[in-house]
Every structure is written in structure tokens, then in C-alpha cells.
Amino acid sequence: MARKRIVLGLLTTITLGALAVIPGAANAQDKIKIGFLPGVVDPFYQVMQLGVEAAAEDLGLEVVTQIPQTWGVEAQTPILDAMVARGDLDYIITAPTEKDQMVGPLQAAVDAGIKVITVDTFLGDGDYVNGPVKFPISYIGSDNVEGGRISARGLAEAIGGKGTVYINSTNPNVSSVQGREQGFKEVMEKEFPDIKVLGPDYNLDDPNTAAQQTAAVLEREQELAGVFGTNVFSAQGAGTAVVNAGLGGQVQVVAYDATQFAIELLNKGVVSLVLAQKPFDMGYMAVQFAAADAAGVTSLPRRVETGFAIIDKDNVADPEVARFIYQVPNQ
Ligand code: T6T
């Protein structure tokens, strides 16, 4: 964390430095106020919030955070509209919970003079230069298609390259998990002809539904060899179902998102691979981008891929890896 803070601190100094040399910029920056609207309450976004707050502290900025209790356009849009209606926000950092249906509400924010930065999930096809949606300043998040590919190779290795596997996912038309499903299927099709892929089923971000869906597949597919849980709640439910069926260690599970729960299942041999995203980085850089944009910086990258830490039983104890486990205060 300390070394990371130094690097990010350096970027902050540069940003502040830039502010100092641009006439009147200091005032503009003092004035910017940022809204943070993630997708839902979960350990991933809680770590992202730590990044947002760390950057806001380093840059002396005010951030207003509102977190939907459930995932979806119905929960996120009214909160967004209320944020816009405040009239005092200059930027909104958000994870759109649906890549098409959130275009309208966020365009309305832009029409009201608020600039948008998307983190973790994107709008349209995520290409803000040549794609159908161009108004967000940037997408800062994982390359989720690549994350899906990594997950497929990890599961294929864990099951010996043959057998039937199942994808449990959260919601349709959400750029993040959709990318993971796409990358996973692509690799299984191209690289592992002896592996049959079932699913995805959508658990609507509910771990209990994920557990029920996975239990039903375990019942139906007696030869099932592996499960891919595409996010925190999918992996939590899938892992729970495998344990409840007494198949821990037999049916391999790959978990996207490095929660404490996923790591516990890794240490118990139920989960064979955990993909840690970098939500702290996403949150920290998004605030920096807002400050830089306010300072007049016009060359911000329109897409930033934050990478992964790939965690397995051999490296989970290595501090350079364990640092990416989602540590949420008071948890
Ligand atoms: O996997 C993350 C995030 O990347 C995804 O967009 C939604 O689910 C999580 O927040 C985990 O619950």
C-alpha cells in the first residue's frame, strides 16, 4: 500500500502541479465536486470507494457517495437523477448497471453540465472514441474479456482439459460480466474441444439464487467437473452449492473477485483460482482524471485497463499477491 500511495501520490503532485501552472485552474479545482455512484453494495465497490476517498484526500476534493442497495437500472437511475438535481456536482464517477439503458440517464447528466467517468462497467461498446457512446471522459476498469479467458484456462487446467463446466453469472447486458462470459466461452471453444460449457444462468446478483441454480445443475449433471462464478455473488453461491453437495475439491470452482470468502474456499481446496481485480486503482484514478480534466488536461486516455492479480493456493500467502485481496474496513 505505502509504495502504491507514493506512485499515486506522484501522479497527484503532477496533477496539482498542472493545476498550479494553469491560470485560474486552482480555483476551478477547488470548486470541483464529484459524485460517486457505484453499482451496488459489495466488497469490490467498497474497495473502490477507498480508492476514491484516498485520491479525494490527496487532492483536497469533496466526493458525494451514494450506493444502490440492489443492482439494476431501477435502483441506480433515481439516485443518479437526485445527484444531478443537486446542481452542485461537476463530475460523476459511476459503474453503469446496464450498458444501454443507462445511456439516457447519464446523457441527461451531461446535458445538465456534469461530466461522466465510467469505472468497472461501460456504456455502449466501451469505445468512447469510435463507438456509439462517446460522452464519458474515460472507461477505467478491467479487460473483462481477458479476465474470462484467464478464468477458462485456469478451470481447464484444474479439471484436466476435459469434462463439463457451468457458468453462473449475474445480470444480462452488463459489460463486465458479459465480457467475462464471452472470453470464457471463446477460450473453451478454441482451446479446449473436450470441454462442454453450460449456462450462463443469471442470479440477479443474489448469492442464494446462485447457490440454488448451481445446486440444480450439480443435481442434473452428475459428471459436472467445474463452475465459473463471474463475480462476487456468483462465485459465493456456486462455491456454497459445491460445498453443500459435498463435492468440494471434486467439482472445481474459479472465482472472479478476490473476496475473503473466495480466499477461504481457495484455502479449503474448493476454489482453484481467484481473479483479483484492482478496484482501488479504478477509484483513485477516476478522481485524478476528474481533477486533471478540470485543470484543462485534454489528453486523458479514453480507456484504462487496470489488470489483475491471479491468485491460487501456491501464491495466496505472498504479500505481493495477497495485497489484492479485497480488504474492507470493519469486515
Ligand atoms: O465483479 C464486480 C464488478 O466488476 C461487476 O461489474 C459487478 O460485480 C462486482 O461488483 C462484484 O460483485
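This is a predicted model: local features need pLDDT of at least 70, side-chain atom pairs count only at pLDDT 80 or more; totals for chains, interfaces and linings use all residues.
**The cavity.** How many cavities of 30 Å³ or more are there? I get a count of one. About 150 Å³ of space lies in the largest cavity. I listed 16 residues lining the largest cavity, and Y45, W71, S176, R180 and N231 are the closest to its centre. I checked which has the largest share: that is α7, with three residues. Sorting the lining by type, I got six nonpolar, five polar and five charged residues.

**Around the ligand.** Next I looked at the shell. There are 13 residues around the ligand, and D42, D120, S176, R180 and D257 come nearest. So which helices supply at least two residues of the shell each? I noted α3 (43–59), α7 (175–191) and α9 (232–244). By type, I sorted the shell into five nonpolar, four polar and four charged residues.

**Polar atoms by the ligand.** I then went through some side chains one at a time. D42 has a polar side-chain atom 2.7 Å from an oxygen atom of the ligand. For R180 I also read 2.7 Å, again from a polar side-chain atom to a ligand oxygen. With D257, the distance from a polar side-chain atom to an oxygen atom of the ligand is 2.5 Å.

**Cover.** How much of the ligand's accessible area does the protein cover? I noted 99% of the 300 Å² that the ligand has on its own.

Technical notes: Residues are numbered from 1 along each chain as its sequence is written. Side-chain values use heavy atoms; hydrogens and water are left out. A residue is near a molecule or strand if one of its heavy atoms lies within 4 Å of it. A polar contact is a pair of N or O atoms within 3.5 Å; within protein, one must be able to donate a hydrogen and the other to accept it, and residues adjacent in sequence count only if both atoms are side-chain atoms. Accessible areas come from the Shrake-Rupley method with a 1.4 Å probe; for residues, only the protein chains shown count as cover. Helices (H or I, at least four residues) and strands (E, at least two) are DSSP runs, numbered from the N terminus. Ala, Val, Leu, Ile, Met, Phe, Trp, Tyr, Cys and Pro count as nonpolar, Asp, Glu, Lys and Arg as charged, and the others, Gly among them, as polar. On a 1 Å grid over the protein atoms alone, a cavity is a set of points where a 1.4 Å probe fits but cannot get out, and a pocket is an open set with protein on both sides within 12 Å along at least five of seven lines; lining residues have an atom within 4 Å of a point. Grid points are joined across faces, edges and corners, and a volume is the space filled by probe spheres set on the points.
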